2 protein chains.
Amino acid sequence: MDPRPIGVFDSGVGGLTVCKAMKDIMPGEHIIYFGDTGRFPYGTRSIETIIRYSREITEYLKSRDVKMIVIACNTSSAAALDVLRRENDIPVLGVIDAGARAACKKAEMAPHGDLIGVIATRATVKSESYVKAVHSISPRIKVLQRHATIFVSLTEEGWIDEEVTRLAAKKYIQDIFDEGVRVLVLGCTHFPLLKKAIKDVYPDIELVDSGIEVAWEAQRILAEKSLENSGGDGGIELYTSDITDSMERLKELFFGNNGTKISKLIIDSRI
Amino acid sequence: MDPRPIGVFDSGVGGLTVCKAMKDIMPGEHIIYFGDTGRFPYGTRSIETIIRYSREITEYLKSRDVKMIVIACNTSSAAALDVLRRENDIPVLGVIDAGARAACKKAEMAPHGDLIGVIATRATVKSESYVKAVHSISPRIKVLQRHATIFVSLTEEGWIDEEVTRLAAKKYIQDIFDEGVRVLVLGCTHFPLLKKAIKDVYPDIELVDSGIEVAWEAQRILAEKSLENSGGDGGIELYTSDITDSMERLKELFFGNNGTKISKLIIDSRI
């Protein structure tokens, strides 16, 4: 039993899908979420800049005495997970490891068991983090990656079930489908909202939601280390570094409409 | 004659289209361009945050002794032009005034002379800056605005001449076309790259490129105030606050491939 909160962060509001999954799985835990909307998106930034931003947020969460940090952002997990693990003595989890593990399990049961597809931002693809994570589990599995940058803005625009979105899905996925991909990792916390559109075009592809997988992993690790808080208040504090008019719309899109308010908090340690 | 440089800034690389137009029109001027790619895009940020970023960049440009500042970003022109004009004693130009003036001229000659359409980012639309700028010239003209957020990422993705882009254009523009819009302001420096795609769908719409218009206005004001530098070196210095892998590709897309290098410069006065 450990009453301390869990810290979750993302470059924006997409990571709220991870918060939602964590709340479903561990209803007693208190969660502090930080979305860096003032500097979103990370997917088009350099690795060096992403590490700087991730460090700043981690420092803030540690100042709030969290018992675990969940990086709910694929781009930041790819760029900063190893650094943050080295520099901190609490468990730091990333969506990529969790997603890769689930994908390997699914691939074993799929018709083309030696092949996993990944769609993500440019920065995540370039980091090859999913490739490395899969190979550390099953070196024989081939990973085919594609960036799907426009999926981020299509999701935020709410163009979830549109012809534009299905056309974009075809442009991004068709060639790896032709190469045999039937297990596809949604390597960006925005993409789970496009599950239906992707399934409309590719009903035979099985989708892996890294956000849900990391929520399960968080529960497993808290249990292993006896850090759970099953009888806690289940409170959730949402902070973002900028609040815009579309924030309420985006919060509902990614988190649902349950009355939880977002507060503004600027984290920026540069002098 | 004034040998001092002209400062140009934008939230990212889109403003390079304005630089390019300025170089064509005023080949002797030395230009210092700053693209805030580390905090791009501004279009989804709050007005308060956009003003803060614009002030920081202006301070930097003034430290470089510029004789004029051109805000090559619609979002920043909408949010910060008035503030920056009040706070600085050199001429500050924004793309919105220039674009509105050109649109009013074109509208007078168009079949529906009492109607102008504007497509821009959410922040620019919400500011109603084009509406106010048009009404200060011709109060009787009706302005119909639509945000076209996804055009930004479609442009940066290089999906310039694609079915996805034409479909998105239809979703954004069809209803204002039906209402009679035949003069349409491209109210974001990214959008001029989509001229062909928009014209494919709407050959009867006349497009106004605010970036080219502000370049002409800069020349006019420099001449009026005897601040030109027609015999100068025509040098151009490009700075951005983050350098990514796709930067070269984006620079070519917006500026052409003429050997000019981009340097990294972080501007961030927050303590």
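1. B:Asp200 sits in helix H9 (residues 195-201) of chain B, where helices (H or I, at least four residues) and strands (E, at least two) are DSSP runs numbered from the N terminus. With a relative accessible area of 40%, B:Asp200 is partly exposed, given that buried means under 20%, exposed over 50% and partly exposed in between, using a 1.4 Å probe and protein chains only. Not counting residues up to four places away in sequence, B:Asp200 touches B:Asp161 and B:Arg166, contact being heavy atoms within 4.5 Å. The side chains of B:Asp200 and B:Arg166 are joined by a polar contact of 3.5 Å; such a contact is a pair of N or O atoms within 3.5 Å and, within protein, one must be able to donate a hydrogen and the other to accept it, while residues adjacent in sequence count only if both atoms are side-chain atoms. The C-alpha atoms of B:Asp200 and B:Ala169, 31 residues apart along the chain, are separated by 9.9 Å.

2. On conventions, this is a predicted model in which local features need pLDDT of at least 70 and side-chain atom pairs count only at pLDDT 80 or more, whereas totals for chains, interfaces and linings use all residues. Residues are numbered from 1 along each chain as its sequence is written, chains are lettered from A and ligands numbered from 1 in the order in which they are written, and side-chain values use heavy atoms, with hydrogens and water left out.

3. B:Asp209 is found in strand S8 (residues 206-209) and is buried, with a relative accessible area of 12%; leaving aside neighbours within four places in sequence, B:Asp209 is in contact with B:Pro192 and B:Lys195. B:Glu29 lies in the loop between H1 and strand S2 (31-35) of chain B and counts as buried at 3% relative accessibility. A polar contact of 2.8 Å joins the side chains of B:Glu29 and B:Lys67, and the residues in contact with B:Glu29, beyond its neighbours within four places in sequence, include B:Arg4, B:Ile6, B:Leu222 and B:Gly235.

4. Helix H1 (residues 16-25) of chain B is mostly covered, with 7 of its 10 residues buried; among them are B:Leu16, B:Cys19, B:Met22 and B:Ile25.

5. In chain A, how far apart are the end C-alpha atoms of helix H10 (residues 210-224)? They are 21 Å apart, which agrees with the 21 Å that its 15 residues should span at 1.5 Å a residue, the expected span being 1.5 Å times one less than the number of residues. At the N-terminal end, A:Asp209 caps H10(A), with a side-chain oxygen 3.0 Å from the backbone nitrogen of A:Gly211. After H10(A) comes A:Ser226, whose phi is positive, near 55°.

6. The largest nonpolar core has 88 residues, of which A:Val70, A:Phe151, A:Ile173, B:Phe151 and B:Ile173 touch the most other members; a nonpolar core is a set of buried Ala, Val, Leu, Ile, Met, Phe, Trp, Tyr and Cys residues joined through side-chain atoms within 4.5 Å. A second, separate core of 32 residues includes B:Cys19, B:Ile25, B:Leu193 and B:Leu227.

7. For chain A as a whole, there are 11 helices and 10 strands, and buried residues make up 65% of its 271 residues.
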